[in-house]
Amino acid sequence: MSFKKICVLGLGYIGLPTASTFATHGMEVVGVDVNRRVLDTLSNGEIHIHEPGLSTVVQAAVKSGKLTISEKPEEADAFLIAVPTPFYLDKTGEHNGEPYKLADMRAVTSAAEAIVPYLRKGTLVVLESTSPPRTTVELVKPILEQTGLEAGTDFHLAYSPERVLPGQILRELIENARVIGGVTPESARAGAELYATFVKGEIIQTDATTAEMVKIMENTTRDINIAIANEFARLADRFGVDVWEAIKLANLHPRINILSPGPGVGGHCISVDPWFFVEAAPDLSPLIYTARKVNDEQPHFVMSLVQKALGSLKGKKIAALGLAYKPDVDDLRESPAAEVVRLLLDAGANVRSYEPFKTDGLPGIPMTPTLEEALKDADAILLLVRHSQFCKMNPSKVTALTSARVVMDTVNAWDAASWQEAGFQIFRLGVGKFSISD
Ligand SMILES: NC(=O)c1ccc[n+]([C@@H]2O[C@H](COP(=O)([O-])OP(=O)(O)OC[C@H]3O[C@@H](n4cnc5c(N)ncnc54)[C@H](O)[C@@H]3O)[C@@H](O)[C@H]2O)c1
């Protein structure tokens, strides 16, 4: 097959870098989105997400005429679907009142429907959105076959999981190994050929459902590993141990690699994808479900740390540093840091949040435009995200910027001794002792 023109549906964190990388590698690309703000921003030569280097690549792609932005698809040799697959809380009570979350597949459905009028013999369609097992064959295939064309015979259909790391997307898109699962071996081959346009990592062909499962297995494994780290933090707190020291020592074992605890798990992937297994096969996934619950409850553990440090929270002025779900990104989706702030506000604390990557923040969360403003007049400083800017904070300089003398570190970014020397009392997540002499 030779691909000259492709259409990418969904121009977010995944679709926009993918569309522009194809375009800068010579492909004619139509980028499609349904969000007016996204379309207007891109049409003005700007971008709506923070990702290092992306603005330059998008501008180059648009300037060369290879990337055009549109509100609807056009006929093309291949269609890539990179639309959101969030979850929603199941309110039917069907799961014994337990907090089950279900996949919201409406965007995938409408993207597949939007392709139908443009599907021709020989076209390739690739679903990239993280999806529950069997989505490609049971949801997308029947929609596309409304054309009367048969998947695998008349047109190619494949699933390809995206595994890029936000902050490194442009490099990882090219260098990472890529799995392509076809509804037939020919479909997998067609997908492999398309991505060979720019992928330098290994391209591995398999079937569509295996490819779907690979992606969810990866994120589920990380979720479970973080859950055990979070549980270790709670246990260390109970037993008077410093969890960070204990993890460092345990990880000296050649076959042990315990991850870092923190305020919880967020983002569009790890906190969402394990639910796709739980929803599809609840009888087979008790461990996955429990790990999700442990991580979702972690903001409450942070609350207990804050209560330990400050006693009553009513009226306490807290400078909360960071709202993103992980370091050095602007993504606030499902962020546990934001959840901690909400819990503190509900408990009557007077919280001012500072998020350097997204100063407009989230509805209902009072924000400050600068770090200085968040620190000024605070009773306590609560570090929630390991942004590089926060890691570099010098406690002896911070003393001059704030009236706070209590700091709480939930991500092990700060050296306790330096903060103590500068006159702060420091409380750390998962640390049931203050110093080696305790
Ligand atoms: N962000 C990541 O790091 C990451 C990593 C791996 C996989 N994924 C998966 O990739 C998929 C996309 O994630 P994202 O982070 O790029 O989402 P996003 O929210 O950043 O972007 C999705 C875009 O799709 C648009 N959209 C929604 N419905 C549409 C439709 N019917 N037609 C065209 N456009 C539509 C939205 O307006 C939005 O701009 C998700 O399934 C996600 O789980 C994301």
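## The shell around the ligand

In this predicted model, helix H4, which spans residues 106–115, gives the most to the shell around the ligand, contributing 3 residues. The shell as a whole has 25 residues, and those that come nearest to the ligand are Ile14, Asp33, Thr85, Thr130 and Glu162. Sorted by class, the shell has 13 nonpolar residues, 8 polar ones and 4 charged ones.

## Polar contacts and cover

A polar backbone atom of Ile14 lies 2.9 Å from an oxygen atom of the ligand, and a polar backbone atom of Gly10 is 3.4 Å from a nitrogen atom of the ligand. Thr85 takes part through its side chain, with a polar atom 2.6 Å from a ligand oxygen atom.

On its own, the ligand has 830 Å² of accessible area, of which the protein covers 90%.

## The crossing of two helices

Two packed helices are described by the angle between their axes and by the distance between those axes. For helix H1 (residues 15–24) and helix H3 (residues 54–63), the axes come within 9 Å and cross at roughly 50°. Because of this angle, H1 is oblique to H3. The crossing of H1 and H3 is left-handed.

Terms used:
Residues are numbered from 1 along each chain as its sequence is written. This is a predicted model: local features need pLDDT of at least 70, side-chain atom pairs count only at pLDDT 80 or more; totals for chains, interfaces and linings use all residues. Side-chain values use heavy atoms; hydrogens and water are left out. A residue is near a molecule or strand if one of its heavy atoms lies within 4 Å of it. A polar contact is a pair of N or O atoms within 3.5 Å; within protein, one must be able to donate a hydrogen and the other to accept it, and residues adjacent in sequence count only if both atoms are side-chain atoms. Accessible areas come from the Shrake-Rupley method with a 1.4 Å probe; for residues, only the protein chains shown count as cover. Helices (H or I, at least four residues) and strands (E, at least two) are DSSP runs, numbered from the N terminus. Ala, Val, Leu, Ile, Met, Phe, Trp, Tyr, Cys and Pro count as nonpolar, Asp, Glu, Lys and Arg as charged, and the others, Gly among them, as polar. Axes are lines fitted to C-alpha atoms, for helices over the stretch in contact, and angles run from 0 to 180 degrees between N-to-C directions. Angles under 35 degrees count as roughly parallel, over 145 as roughly antiparallel, 65 to 115 as roughly perpendicular and the rest as oblique. A crossing is left-handed if the near helix is turned anticlockwise from the far one by less than a right angle, and right-handed if clockwise.
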